[in-house]
Amino acid sequence: ESPEGRRIMEFRSSLPAYKEKEAILSAISSNQVLIISGETGCGKTTQLPQFILESEIESVCGVVCNIICTQPRRIAAISVSERVASERGEKLGETVGYKVRLEGMRGRDTHLLFCTTGILLRRLLDDRNLKGVTHIIVDEIHERGMNEDFLLVVLKDLLARRSELKLILMSATLDAELFSSYFNGAATIKIPGFTYPVRTHFLEDILEMSGYILTPDNQIDDYGQERIWKMNKQAPRKRKSQISSAVEDSLRAADFNDYSLQTRESLSCWNPDCIGFNLIQYILCNICEHERPGAVLVFMTGWDDINALKEKLHTHPVLSDPSRVLLLMCHSSMDSLEQRLIFEEPEDGVRKIVLATNIAETSITINDIVFVLDCGKAKESSYDALNNTPCLLPTWISKGSVQQRRGRAGRVQPGECYHLYPRCVYDSFAEHQLPEILRMPLQSLCLQIKSLKLGSISEFLSRALQSPEILAVQKAIEYLKTIGALDENENLTILGHNLTVLPMEPKLGKMLIFGVIFNCLDPILTIVAGLSVRDPFLTPLDKKDLAGAAKSQFSSDYSDHLAIVRAYEGWKDAEKDLVGHEYCWKNFLSANSMRVIDALRMEFLSLLKDIGLVDSNMTSCNAWSYDMYLIRAAICYGLYPGICSVVHKDKSCSLKTMEDGKVLLHSNSVNARETKIPYSWLIFNEKIKVNSVFLRDSTAVPDSMVLLFGGSISKGDVDGHLKMSGGYLEFFMKPA
Ligand code: ADP
Ligand code: MG
């Protein structure tokens with residue numbers, strides 16, 4: 001053994017999971033399903049698969065196991081496999097490998113494969129019995145992603161067919177019971193955590209201790225409305241009544257008799273719909289001036305409030321002083337290189353403050369955190385099945401999330417956690433976040449059920465850990481029929497088959513396919529990539545008008561989608577001259593989004609080649625030699641039935657959709673800046689319900705296009721299009 005090997009072994013055996021090694025191995029051998037819980041960092045992901053591997057290496061028969069360990073995210077699958085290989089003193093691709101979409105590394109001797117949940121689902125397509133696989137480990141199961149819930153139903157069936165297959169579910173502490181009962185009382189093992197104590201301060205304690213006085217103005221702060229998170233008005237129907245009223249009830253019922261009069265008066269000014277920036281600034285400043293060394297992690301809801309808070313802190317004398325404070329951000333739309341900065345140690349005497357979304361809650365661990373500030377909210381995407389409207393809104397988090405956030409402190413020494421809401425509000429939180437399957441659109445899931453030939457969609461979903469509402473299922477099936485992915489009998493059409501292999505929302509996949517058919521793939525690739533990333537057009541709050549004008553100059557044709565194409569192509573040219581950054585700066589574009597769009601375009605193109613929809617030697621070209629009518633048509637075919645009629649009246653026009661009645665344009669849309677839209681329809685990608693329903697990106701289209709796909713297809717229209725598309729359209733129109 002090398003000294004390095006000995007050092008690693010020493011480290012591994014110091015992890016809490018290691019102490020449970022024998023118990024875990026014997027539980028695996030005597031149970032078909034085992035549920036292992038334990039706090040982040042205790043060694044589940046990196047150690048458990050190795051225990052199984054090692055026990056086989058030591059056994060007389062040699063290695064016969066074939067372990068698949070799924071991760072909810074690409075980055076986790078890759079980085080964990082790297083870590084495990086290096087702990088074993090091997091190169092990646094020997095006994096340990098990984099596979100994520102379009103990327104992988106494994107060899108003949110690979111017995112432990114880390115992959116995304118999506119990859120395992122795809123493998124089930126060709127090999128529904130997972131021949132040769134001995135162990136399946138589903139990691140981070142408590143996150144309750146749609147794919148993971150789906151996989152569990154499939155695996156439950158598979159376990160009955162293959163009695164020698166082992167399933168291990170791993171999760172952070174809380175909900176082991178739920179999974180255990182789903183698998184008929186499966187065995188559970190809890191690995192004890194190892195954290196230092198974290199002192200918890202709720203809002204009333206913070207006020208009492210500091211004498212800080214909340215006033216209504218304090219929360220609305222100098223910048224006014226923009227910085228405030230309205231919550232209750234935005235929440236979708238059902239959640240609203242559950243969450244906000246629970247918070248209000250708990251506030252009404254609470255007495256703060258043990259607290260001073262000043263604190264009680266101050267609490268009565270607390271507004272649950274706001275995040276008090278001034279209070280956060282006050283606490284941060286206090287930590288910097290008076291507390292022991294240690295980094296601070298502030299949990300906010302999203303990119304926009306993180307940015308707004310950062311702007312505010314930049315004007316503060318202490319918090320903006322680089323010799324005292326290193327201010328960093330961490331949210332999902334930053335690339336991993338930028339995200340990595342938060343792990344770096346600041347210079348002596350400089351305090352690191354990280355403003356983060358809930359991605360810092362579980363998937364990454366910043367080790368030097370001593371102080372945590374928790375605003376109690378996170379942006380949660382949900383979906384209003386009734387009128388088919390997705391929402392991305394700040395909502396109160398669950399008790400489970402609070403525990404996770406608090407647990408970010410106390411890793412290296414005792415910690416402090418400041419919750420910016422009263423304890424009674426915490427008591428009213430739900431135990432767990434609603435799983436994705438209960439709050440997200442089900443269209444992609446339904447397609448997957450069909451492509452795996454799992455029978456009736458509703459019957460299958462009724463066997464899930466928690467079944468979605470019948471209405472949501474019906475809406476999804478109806479949608480898939482409308483776009484032509486399912487036929488009347490809920491069978492996949494040819495279009496549906498093609499959509500199941502494209503890893504994006506069905507509507508975006510369909511747009512790509514029609515980009516191919518109409519021979520205008522290049523701009524459509526840009527649009528689909530652009531709609532898959534965070535809005536590349538930036539709108540700083542204080543320069544909204546300038547930013548809006550900058551966006552409008554990319555579009556002279558009433559289309560946000562075409563504006564993305566023009567902006568991207570301009571960036572490509574600027575990059576050639578090495579002035580991409582200046583170009584983005586001048587035009588209020590996110591350079592990061594541009595790079596991601598660039599990468600996604602390549603990825604989508606190679607996928608289309610893989611499935612044979614695009615000739616393998618086609619390279620994308622960069623010119624506006626396309627028929628604009630066809631580009632518009634591809635957008636329209638993809639996004640239908642996301643349409644809205646434009647009703648002209650005098651000099652203005654009003655907008656209506658079937659489900660919502662009157663709707664408004666999002667202020668970032670180029671069409672919101674037009675006084676008149678000379679078309680009868682707007683086709684849109686997304687509507688968002690705030691207090692009214694807003695359309696985000698939209699493109700104006702003429703009557704003929706909507707008629708063509710709105711069901712009343714006239715022979716003449718079809719013939720016309722068949723000519724343009726070289727007969728390909730017929731292929732998709734034919735019953736499967
Ligand atoms: P869990 O899955 O229980 O959250 P992991 O198995 O991922 O825990 O990690 C266990 C421990 O191994 C961590 O607490 C950390 O100390 C160490 N570790 C894991 N990955 C790395 C890495 N890439 N680099 C350094 N240390 C790591
Ligand atoms: Mg883990």
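**Figure 1. Strand E13 and its two parallel partners.** Strand E13 pairs with strand E16 (residues 415–419) in the parallel sense, over 4 bridges. Two strands count as paired if DSSP finds at least two bridges between them. Asp374 stands opposite His419 in E16. Strand E10 (residues 295–299) also runs parallel to E13, joined by 5 bridges. Here Leu297 faces Val372 in E13. In E13 (residues 369–374), 6 of the 6 residues are buried, so the strand is largely enclosed by the rest of the structure. Buried means 20 or more other C-beta atoms within 10 Å of the residue's own; exposed means 12 or fewer, and partly exposed lies in between, with C-beta atoms placed from the backbone. The model is predicted: local features need pLDDT of at least 70, side-chain atom pairs count only at pLDDT 80 or more, and totals for chains, interfaces and linings use all residues. Residues are numbered from 1 along each chain as its sequence is written, while chains are lettered from A and ligands numbered from 1 in the order in which they are written.

**Figure 2. The eight-stranded open sheet.** The strand order is E4-E3-E5-E2-E6-E7-E1-E8, with mixed pairing. Strands E4 (103–105) and E8 (187–191) are the edges, each pairing on one side only. From one strand to the next, the twist averages 20°. Helices (H or I, at least four residues) and strands (E, at least two) are DSSP runs, numbered from the N terminus.

**Figure 3. Strands E3 and E5, with helix H6.** Strand E3 (residues 96–100) and strand E5 (residues 112–116) run parallel, joined by 4 bridges. Lys99 stands opposite Cys115 in E5. Helix H6 (residues 117–126) packs on the sheet and touches strand E2 (67–71), E3 and E5. The direction of H6 makes about 100° with that of E5. Axes are lines fitted to C-alpha atoms, for helices over the stretch in contact; angles run from 0 to 180 degrees between N-to-C directions. Contact means C-beta atoms, placed from the backbone, within 7 Å.

**Figure 4. Helix H3 across the sheet.** Helix H3 (residues 21–30) lies across strand E1 (33–38), strand E7 (166–171) and E8. H3 runs at about 165° to E8.

**Figure 5. The shell around ligand 1.** Residues around ligand 1 include Leu15, Gly38, Thr40, Lys44, Gln47, Ser79 and Arg83. The criterion is a C-beta atom, placed from the backbone, within 6 Å of the molecule. Helix H4 (44–58) and helix H5 (74–87) each supply at least two residues. H4 gives the most, with 4 residues. By class, the shell has 2 nonpolar, 8 polar and 2 charged residues. Ala, Val, Leu, Ile, Met, Phe, Trp, Tyr, Cys and Pro count as nonpolar, Asp, Glu, Lys and Arg as charged, and the others, Gly among them, as polar.

**Figure 6. Nonpolar cores.** A nonpolar core is a set of buried Ala, Val, Leu, Ile, Met, Phe, Trp, Tyr and Cys residues joined through C-beta atoms within 7 Å. In the largest, of 125 residues, Met511, Leu512, Ile524, Val528 and Ala634 touch the most other members. Helix H29 (residues 628–639) supplies the largest share of this core, 8 residues. Another core lies apart from it, with 52 residues, among them Ile280, Cys330, Val402 and Tyr426.

**Figure 7. Backbone details in loops.** The peptide bond from Tyr640 to Pro641 is cis, with omega near 10°. Pro641 sits in the loop between H29 and strand E17 (643–649). Leu578 is not a glycine, yet has a positive phi of about 60°. Leu578 counts as exposed, with 8 C-beta neighbours inside 10 Å.

Methods:
Contact = placed C-beta atoms within 7 Å.
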